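Good morning, and thank you for the time.

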Amino acid sequence: MTRIVLAILLVLGLSGLAAPATAAGDQGWWNKDWSYRKAVTVDTSPSGVNVTGAIGRTVVLVRLHSGNFTFTDAMPDGADIRFVDSDNKTPLPFHIEHFDAGVGIATAWVSVPNLNGGEKRAIWLYFGNKSAPVGADEKGTYDPDYMAVYHFSEKPGTPSNDSSANANNAKSAPPGLDDGGIVSSAARFPGQGEIQIAESGSLAMPAAAPFTFTAWVKPDQLAGTSAIFARGGLTVGLNAGVPFVSGPGISLQAKTALKQGDWSQVAFVSDGKVTHLYVNGAEQGTGAGALSAIAGPATLGGAAGQPFNGELDEVRLSKTARPAGMIQVMAEAEGKGGKLVTVSETAEKQSSGGGVFFFVLSKLEGVDEVVVGVCLVLTTISALVMANKFRYFAKCTKGNAAFMRVFRQMDDELVPTAQIQGLDKKQTQLIKDAPLAHIYDVGIEEFNRRKARWGSRPLTSQAIDSMRAVASEVVVHENHKLDAWMVILTIAISGGPFIGLLGTVMGVMNTFGGVAMAGDVNVNAIAPGIAAALLATISGLFCAIPSLFGYNYLNSMVIPLASDMGVFIDQLLTRIAEMQADQAATGEMDHFGMDDMSLVGVDDF
């Protein structure tokens, strides 16, 4: 049985479950100091976000969580993470906004060059180098056309930092922070305390200059007019929850209001001739006109007479008109449930072909590891029980057969098995292990004890019943030996699937919980965790199914052994009674007088 278990595991390891992880696995390794890599796909084709036309250099969000990334294989702070272009040679600028290995959630911003619509762009995520220096380049992630970028990932009370190379850091901190923003942390505004941004050369906005503003907005109150961004007469805000843009010569309003308490992306683009207003990547307003020269400080999260009550996240200002495709890509990449970016389920290991089976093993959570471990221990014990019981039952069956051949040849010369003549060593050992021989020896011992005391008179019915009781005691003892440890198999049959199901349910719960916390609900985020959770059920079934077949087969061996013992008691007592009767008939047994008979109790025979 143990060999069968090992063979099954070997077949699984060599089967399609352990097939190479990706078709790109045969490409060269970017740097041999990194042990693992994953394929990351940016999909602008119809199977993804379905964007057409040129997009250009774009910063995309890559969400990592325990369902698509093995945090234990990376450094605790993610310092060894690297992103490499599809040529597997060119490192891409990136930076990590949030990395929590304990919880299993991370967010990284990656600059993808020359992105086009209608394509599937593959890049590589490398990790697994414990001696790697920090490789993030926050300032280099954004192209020179970005004027300012705010993640709001600072500690509470700290002024918001500009992630672009312009260092247009805010003069003040947001009134509050929300760790559950659309990406990571978000700035919370309770209707006051807007963020002040000082004027600088990199924020210059001459007349008719192109300009792009994007931000994620979650309004907590829709009534009234509120400003999201304001500077020098230009306001991007909400009017009763409806996004609008107003300024000298410019007036745009969206078609629908934002939902209170929900995140939405609002974008305003001016190319110097035409202005556009987008909500969640879709254009909802357009008009002719150019921006007038704008100068002075800027505010986020409110303005004089236009307080904002809600949250902001991922605010960006650009001195260029970003294409509509880029606005859509940003909305899809950063919003929850987007199809733009997917992380491969399988991590490739350097000089080793990864496999789905081993990948699933690497995704086991702590609870599932315990469940799988318990099932494997129970499977091992069950296999040992089945192997030992099979050997024992086979030994009993052979021993009974050997004993019965000798028993039939003894006729009326019934002697203890130890006194049987003419047996070789093998026959002696077989008979020694036979349950029928144990019953026989006890029966003969009881018979000889009675014969030594009362002679060879015929056995009464009471004497036969007494001898049957002694033999039945041996049968009970032998049945206990046959049934010993069989309860382990019944536990494995009935308990294994339920233990495995418990692990699966808890694993699925953890997977959905982690995905909800990460805000990524695509199939690649869910599938690895669920696959790993299902391994708990598989281990439970792997424990129960062999035990079920083994138990039924062993039970088919026990039934004849138990039946033979019941039949043999009758055979033995009948043989003894006939032997005594024959001796009495031939006059070879002692005769007792009436006085002697009076000394014999009725229960003695």
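Predicted model: local features only at pLDDT ≥ 70, side-chain atom pairs only at ≥ 80, totals over all residues.

Which residues of α8 are buried? They are Ala-463, Ile-464, Met-467, Ala-471, Val-474, Val-475, Glu-478 and Leu-482. Just after α8 comes Trp-485, whose phi is positive, at about 70°.

I turn now to a sheet. Six strands make up an open sheet with antiparallel pairing, and their order is β10-β19-β12-β13-β14-β15. The edges are held by β10 (195-197) and β15 (250-253); each has a single partner strand, and therefore one side of each lacks a neighbour in the sheet. From one strand to the next, the twist averages 25°. Within this sheet, β13 (residues 234-239) and β14 (residues 242-247) run antiparallel and are joined by five bridges. Leu-238 has Pro-243 of β14 standing opposite.

Next, two individual positions. The first topic is Thr-44, which sits in the loop between β1 (36-43) and β2 (54-65). Is Thr-44 buried or exposed? Its relative accessible area is 0%, and residues under 20% count as buried, so Thr-44 is buried. A polar atom of the Thr-44 side chain lies 2.7 Å from the backbone oxygen of Asn-116. Leaving aside residues up to four places away in sequence, Thr-44 touches Val-49, Asn-50, Val-51 and Ile-55, the run Leu-115, Asn-116, Gly-117, Gly-118 and Glu-119, and also Val-329 and Leu-340.

The other position is Gly-550, in helix α10, residues 523-585. With a relative accessible area of 12%, Gly-550 is buried as well, because that value falls under the 20% cut-off.

Finally, the chain totals. The protein chain contains eleven helices and 24 strands. Of its 605 residues, 49% are buried. Among contacts with a separation of 6 or more, 75% are between residues 24 or more positions apart. The chain exposes about 27100 Å², of which carbon and sulfur atoms supply 58%.

That concludes the presentation; I welcome discussion.

Methods:
Residues numbered from 1 in each chain as written. Heavy atoms only, no water. Buried < 20%, exposed > 50% of the residue type's maximum accessible area, 1.4 Å probe, protein only. Helix = DSSP H or I, 4+ residues; strand = E, 2+ residues; numbered from the N terminus. Pairing = 2+ DSSP bridges. Axes fitted to C-alpha atoms, helices over the stretch in contact; angles between N-to-C directions. Polar contact = N/O pair within 3.5 Å; in protein donor to acceptor, adjacent residues only side chain to side chain. Contact = heavy atoms within 4.5 Å. Areas by Shrake-Rupley, 256 points an atom, 1.4 Å probe, with all protein chains shown as cover.
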